[in-house]
Amino acid sequence: MLVLSCISPASIFAYQNKNKMIKYLFCFAAASFSLSLYGQERGCATYEKLEQFYRKNPEAKLIEKDLDNFLTRKQKGSFAKENVVTIPVVVHVLYKNSEQNISDAQIQSQLSVLNADFRKLNADFSTVVPAAFQGAASDMQIAFCLATKDPSGNPTNGIIRKSVASSFVFDDNYYVGSNGGDNAWDPSKYLNIWVGAFTNNNLLGWAYPPVAAGYPDDGLCITYTAFGTMGTAQAPYNKGRTATHEIGHYFGLNHIWGASNNPTVCGTALNDDGCADTPATNQPYFGSPVFPDNSFMCNPTATGAMFMNYMDYVRDGSMAMFTNDQKTIAQNTLSGPRASLLNSNACTFLAVNEVEKSNSINLFPNPTTQYISIASPLTKIDEVEIFNSEGRLVKKAVIRNETDKIDVKDFASGVYYVRTYNGRNFIKSMKFIKK
């Protein structure tokens, strides 16, 4: 994996001098610079790592737009409308010394934060989120638990500890066991979290978005100094919000100023985070802004920016909400590219109601240009037949799980019908549009 020499979002900051706004953009590779105004600021490398991922897996880049359209669309009959789904987590602690070998209690403190933040149960919600934005805030209906079964079905506490060499490059080899890291547990069944020490001390972490679902490096990679709320966690990133932010990416959420780590240009495609209820800004907020703030708003308003959203770059104590449109994206992710997490038996569910099985089956992305996948977390599907609009069978495919892709890029444009089976038993018919 290529080592990045410059990750700009962690080193962007701004200050006002009377009426003149001066913006500075630094690279981590610069000879020297000072962030004494704010101290270390949030460094998320999701999009840089995603570009590396695309270079290694060019086939994934081809379906990015189709998948983005699927994730941002309001879906009918979403399986998770009234249900809380629980995600099994395995934490890989890769430590060079005893300090980095964080405690079970510190790990559990991070799980507690995730469960509060994703359920809108965080104690600081009403004090951090101004009244003007509280109506847009959402319970994501997602919970997390440490895995109780490993991929072979054996009991586990969901925590793996591995001593690594002092020369180990956590940034690049965290998921490669042969290079000193620790291989992921089946990423279609577990959320893998690797905790360690980055070679770049300004970097806090990253997580891969849904386009990487099922790949061996899929999951969250995070520094041991920004994980949980105790032990080695260091202020101002000692409230567990780095993991909340990065797992937002894992469920398909972009930064609030758009699909970039860098500042964006208002009104461009890159500036759009796919959420109508997050006011458009053109770059991240850092530190602890005071509401209302219009410094980076594309269209200034009386309420200003939603900088207290988990997908901005403010400090842990200044972020406290997801929105309803962000929930739509996360729920679409769970009904599509990450649906296989829902049929994992790797931990005890905290709260999941009965769901009508047929309604849980979903075809995505739709419309499509490259491929389709079938998400069926509650009913096993092992075979698919595809028919054209004339009723002629054009393809059969065997299905193992929701990350399997059925290639349709050579199909002519038009409407196609899909029949799904479990063995010889017909399950459900669906249709999709090939563009």
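Q: Which cysteine is joined to cysteine 266 by a disulfide?
A: Happy to start here: this is a predicted model, where local features need pLDDT of at least 70, side-chain atom pairs count only at pLDDT 80 or more, and totals for chains, interfaces and linings use all residues. Residues are numbered from 1 along each chain as its sequence is written, and side-chain values use heavy atoms, with hydrogens and water left out. A disulfide is a pair of cysteine sulfur atoms within 2.5 Å. With S to S at 2.0 Å, the partner of cysteine 266 is cysteine 298.

Q: Is the link of cysteine 266 and cysteine 298 left-handed or right-handed?
A: Look at the turn about the S-S bond, which is -85°. That value makes the link left-handed.

Q: Does cysteine 298 count as buried or exposed?
A: Buried means under 20% relative accessible area, exposed over 50%, and partly exposed in between (1.4 Å probe, protein chains only). Cysteine 266, at 32%, is therefore partly exposed. Cysteine 298 has 19% relative accessibility, so cysteine 298 counts as buried.

Q: Is α4 parallel, perpendicular or oblique to α8?
A: The axes, lines fitted to C-alpha atoms over the stretch in contact with angles from 0 to 180 degrees between N-to-C directions, cross at roughly 55° and come within 9 Å. Angles under 35 degrees count as roughly parallel, over 145 as roughly antiparallel, 65 to 115 as roughly perpendicular and the rest as oblique. Therefore α4 is oblique to α8.

Q: Which residues in α8 meet Gln110, Val113, Leu114 and Asp117 in α4?
A: Contact means heavy atoms within 4.5 Å. By that rule, the residues in α8 are Arg241, Ala243, Thr244 and Ile247.

How values were computed:
Helix = DSSP H or I, 4+ residues; strand = E, 2+ residues; numbered from the N terminus.
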